[in-house]
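Hi everyone, thanks for coming. Let's take a look at the protein on the screen together, and I'll walk you through a few parts of it.

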Amino acid sequence: MRAAPRVTCTEMDPSDRNVPEDEIERLRQALDAETERRLQVQKQLERANADFEGFVSIAAHHLRESLRDVAANSQLIAETHAGRLDTEADLWLGRIRGGVARMQSLLTDIVEYAVTDTSPRQPARTDMEAVLRLAMEKQLNDENAAVTHDPLPVVMGDSEILTRVLKHLIGNALKYGGTPHPRVHISARRENLEWVFSVQDHGSGIDPAFRDRIFGVFKRLHGKEYPGTGLGLAFCKKAVEWHGGRIWVESTPGEGSTFYFTLPPAGET
Ligand code: ADP
C-alpha cells in the first residue's frame, strides 16, 4: 500500500503585510480569469438551453400538425363513408383516433417535462391557495369527486410550475382513486425551514417496492385501463427539485397513497 502523499497548506492571512505585491496581483488575475471562465460557461449553458427549448417547441409544432392531419382525415373517412364501412373498418378508425389522442397527450407531457428547467425563471412569493384554485380549474369536472384542503401557505416558487405539480398530483389521486367517489385532501405543515405539502387519496395505493420507481420517466404501474403517459410524476420530481425541495410517497396498498413535497417558505417580512 502506498503511503498517502503529505499535503502541506500554506495559509495566507489577508492582513499579513508581508505578502508580496506581485503574489497578490497574481491571485487577483487568477480570480478574474476564473470569474470570466464561469461567465462564459453560464452563457454557453443559457444558449444551449434556449436552442433546446426552441428545438422542442418547433418539433412539437410539426408533430401536432401531422397528428391533426391524421385526425382530420380519419374523421373525413368516418363521415363520408358513414354506414358503408363494415365493423372492422369502424374498429380500425376508432383505433386510429385513440392513437392520435394518446400521441397528443404524450407530446404535451414530453414538452412539459423537457422544458421545465430550461427557461430562466426566478422564484417569487406564491400563494398556494391561488395555485390550488388554478390547478383545480385544469381538472376535468367530476361531480362525484370531493377535493378538500386545509389553509395553504405562501411559498417561494414559480406559480405556473407549481400549478402543474398540483394538477398532476390531484389528477392522479382522482384517476387512481379507486372508487366512483374519489376523495382527495391537500394540506401543508411547517417543518423547520420548509413547508411540507401532502396530497392524500383513498385509492388502490402503491406497492412499497415501486415507491421510487414511479418518479422515473415513462414508469407506469397501471395498464391501458387508466390513460396516462408515465411522465406526470417525473415532471413533479423535476419541478419540486428545481425549487430545492423533495417529493416522495407513503402508501398502504389497498388503503390509499399520500404524496408529499417540500417547498421553501416565502421570507417572513
Ligand atoms: P401516469 O400518466 O401513468 O398517471 P405518472 O407519472 O403520473 O403517470 O404516474 C406514474 C405511475 O404511478 C402511474 O402510472 C400509476 O401506476 C402510479 N400512480 C401515480 N399516482 C398514483 C396514485 N395516487 N395511486 C396509485 N398509483 C399511482
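Let's begin with helix H5 (232-242), which is mostly covered, with nine of its 11 residues buried. By buried I mean that 20 or more other C-beta atoms, placed from the backbone, lie within 10 Å of the residue's own. Helices here are DSSP runs of H or I with at least four residues, strands are E runs of at least two, and both are numbered from the N terminus.

Before I go on, please keep in mind that this is a predicted model: local features need pLDDT of at least 70, side-chain atom pairs count only at pLDDT 80 or more, and totals for chains, interfaces and linings use all residues. Residues are numbered from 1 along each chain as its sequence is written.

Back to H5. Among its buried residues are Gly232, Phe235, Lys237 and Lys238. And what covers them? The cover for the buried residues of H5 includes helix H2 (87-114), H4, strand S6 (247-252) and strand S7 (256-263). Contact here means C-beta atoms, placed from the backbone, within 7 Å. Just after H5, Gly244 has a positive phi of about 85°.

Which residues come nearest to the ligand? Out of 21 around it, they are Tyr176, Arg220, Leu221, Gly228 and Gly232; a residue counts as near if its C-beta atom, placed from the backbone, lies within 6 Å. Helix H4 (159-175) and H5 are the elements that give two or more residues to this shell. By class, the shell has eight nonpolar, 10 polar and three charged residues. Here Ala, Val, Leu, Ile, Met, Phe, Trp, Tyr, Cys and Pro count as nonpolar, Asp, Glu, Lys and Arg as charged, and the others, Gly among them, as polar.

Now the strands, which pair if DSSP finds at least two bridges between them. S2 (residues 146-149) runs parallel to S4 (residues 183-191), with four bridges joining them; there, Thr148 has His185 in S4 as its bridge partner. S4 and S5 (residues 194-200) run antiparallel, joined by seven bridges, and Ser187 stands opposite Ser198 in S5. Their hairpin has two residues between the strands, and Asn192 takes a positive phi near 50°.

Finally, let's zoom out. The protein divides into domain 1 (8-120) and domain 2 (124-263), with bounds from an automatic or database domain assignment. Their contact takes eight residues from domain 1 and 10 residues from domain 2. On the domain 1 side, those residues are three nonpolar, two polar and three charged.

Notes:
Two residues are in contact if their C-beta atoms, placed from the backbone, lie within 7 Å. A residue is buried if 20 or more other C-beta atoms lie within 10 Å of its own, exposed if 12 or fewer, and partly exposed in between; C-beta atoms are placed from the backbone.
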